[in-house]
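Subject: Structure for your review

Dear colleague,

Please find below the structure that I am handing over to you. My findings follow directly after it.

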Amino acid sequence: MSGVLIGFGVITSVVVIGYMLGRLPLLGPGAKEVLTRLAFYVASPALLFTILADVDLSVLVSAPVLVSVLSVACVALAFIVLGLVRRWGVGRTTVGALASSYVNAGNLGIPIAVYVLGDASLVAPILLTQLLFMAPVALTVLDLGDGGARGVGPVLRRALGTPVRNPVVIASLAGVAVSASGRTPPEALMEPFHLIGGMAVPAMLLAFGISLHGSAFPGRGPERVPVLVAVALKSVVQPLAAWALGALVFDLNAFTLFSVVVLAALPTAQNVFNFAAQYRTGEVMVRDVVLLTTLLTVPVLFAVTFLLG
């Protein structure tokens, strides 16, 4: 479990620095917004392009990936149904569904895959699924809701035009195109993307830390119900759904089942907070869900390891 502790230690350190930057306003009152926009428009697209340009797309075709996709669909759909019933609105329901299912496959998933599962490549399928399908779909919905398009024609044109406007989607599609071509770009060409992409995770964590300053204790206030629902879905229901599907439906072997459940138990990714902050919808809810699911991940992973490891 050393990988879990190392990953959490790194994340916590950067978030604490962000909190101190919020407490001591060295970067000015607009620091969170600047970091959020830097991550969304510049650093994250560069990072996603480098990741997807160098990955084997064939890993998407396997039973473990299908189990992961179905477990994500179960919890996301559960939140969407509740959001529709409670009339939480399209934007809030969309980011809530992401917060319930979008796992931290990058800065936590990779060290956990290395130190707990013994193979970093195991995290690639769920990372690809999120980057290629979940993020583009959710961002399209948020973009449509943010743009005010009305009528079938305008909505359809706006939906079809999202890939040529959204930097995250553009970078993901470009990375997939490079990977599918089978050609490796020259290192001199990729190095600027690696350099800029290295800012993505720190920028998101710093913005998240700044947002914690002056905020109420998580899970309280008007966002209490969606926060607690999203946390329960992410930390409890998603791992259970992955286990049930993998063991009872797909009959995965012991190690593969363990791997799928461990990855499903990862906390909500900071990317979701970045999306919520960029579109100014559900920021407090997502911030609390990220914080609480991150705190719960260690006991959840210990339980999974004890039961299945």
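The side chain of Thr-281 reaches the backbone nitrogen of Arg-92, at 3.3 Å. Please bear in mind that this is a predicted model. Thr-281 itself belongs to the loop that runs between helix 13 (270-279) and helix 14 (283-308). Is Thr-281 buried or exposed? Its relative accessibility is 16%, and because buried means under 20%, Thr-281 counts as buried. If neighbours within four places in sequence are left aside, Thr-281 is in contact with Gly-91, Arg-92, Val-95, Leu-142 and Ala-276.

The overall architecture

The secondary structure of the protein consists of 14 helices and zero strands. Of the 309 residues in the protein, 50% are buried. The accessible surface comes to about 14200 Å², and 71% of this surface belongs to carbon and sulfur atoms. Where contacts join residues at least 6 apart in sequence, 83% of them join residues at least 24 apart.

Salt bridges

How many salt bridges does a search of the whole structure find? The search finds four. One of them joins Lys-32 and Glu-283, with the closest N and O atoms 3.0 Å apart. Lys-32 lies in helix 2 and Glu-283 in helix 14, so this pair ties together parts that are 251 residues apart in sequence. Lys-32 also forms a salt bridge with Glu-33, and here the closest N and O atoms are 3.8 Å apart. As for accessibility, Lys-32 is buried, with a relative accessible area of 15%. Glu-33 is partly exposed at 29%, and Glu-283 is partly exposed at 21%. Through shared partners, the salt bridges join Lys-32, Glu-33 and Glu-283 into one network.

A further salt bridge links Arg-287 with Asp-288, the closest N and O atoms being 3.3 Å apart. Both of these residues, Arg-287 and Asp-288, are buried.

Aromatic pairs

A pair of aromatic rings is described by the distance of the centres and the angle of the planes. Five such pairs are found in a search of the whole structure. The rings of Phe-40 and Phe-275 have centres 6.3 Å apart and planes at 90 degrees, so this pair is edge-to-face. The pair links distant parts of the chain, since Phe-40 is in helix 2 (residues 31-53) and Phe-275 is in helix 13, 235 residues apart. Phe-40 counts as buried at 2% relative accessibility, and Phe-275 is buried with a relative accessible area of 4%.

Another aromatic pair, formed by Phe-79 and Trp-88, is tilted, with 5.4 Å from centre to centre and 40 degrees between the planes. Phe-79 is buried, with a relative accessible area of 0%, and Trp-88 counts as buried at 11%.

Which residues do ring pairs link into a cluster? They are Phe-40, Tyr-41, Phe-275 and Tyr-279.

Helix 12

Helix 12 (residues 254-264) is mostly covered, as eight of its eleven residues are buried. These buried residues are Leu-257, Phe-258, Ser-259, Val-260, Val-261, Val-262, Leu-263 and Ala-264. The N-terminal end of helix 12 is capped by Asn-253, which has a side-chain oxygen 3.3 Å from the backbone nitrogen of Phe-255.

Val-16, Met-20, Leu-24, Leu-26 and Leu-27 make a nonpolar surface patch of about 490 Å². One of these residues, Met-20, lies in helix 1 (residues 2-23). Met-20 counts as partly exposed, with a relative accessibility of 37%.

- Thr-281, in the loop between helix 13 and helix 14
- Lys-32 and Glu-283, which form a salt bridge
- Phe-40 and Phe-275, whose rings form an edge-to-face pair
- Asn-253, which caps the N-terminal end of helix 12
- Met-20, which is part of the nonpolar surface patch

Yours sincerely,

A colleague

Terms used
Residues are numbered from 1 along each chain as its sequence is written. This is a predicted model: local features need pLDDT of at least 70, side-chain atom pairs count only at pLDDT 80 or more; totals for chains, interfaces and linings use all residues. Side-chain values use heavy atoms; hydrogens and water are left out. Helices (H or I, at least four residues) and strands (E, at least two) are DSSP runs, numbered from the N terminus. Buried means under 20% relative accessible area, exposed over 50%, partly exposed in between (1.4 Å probe, protein chains only). A polar contact is a pair of N or O atoms within 3.5 Å; within protein, one must be able to donate a hydrogen and the other to accept it, and residues adjacent in sequence count only if both atoms are side-chain atoms. Contact means heavy atoms within 4.5 Å. Patches are made of residues with over 30% relative accessible area and no salt bridge: like charges are joined within 9 Å, nonpolar side chains (Val, Leu, Ile, Met, Phe, Trp, Tyr) within 5 Å. Accessible areas come from the Shrake-Rupley method with a 1.4 Å probe; for residues, only the protein chains shown count as cover. A salt bridge is a side-chain nitrogen of Lys or Arg within 4 Å of a carboxyl oxygen of Asp or Glu. Rings of Phe, Tyr and Trp (its six-membered ring) pair if their centres lie within 6.5 Å; planes under 30 degrees apart count as stacked, over 60 as edge-to-face and the rest as tilted.
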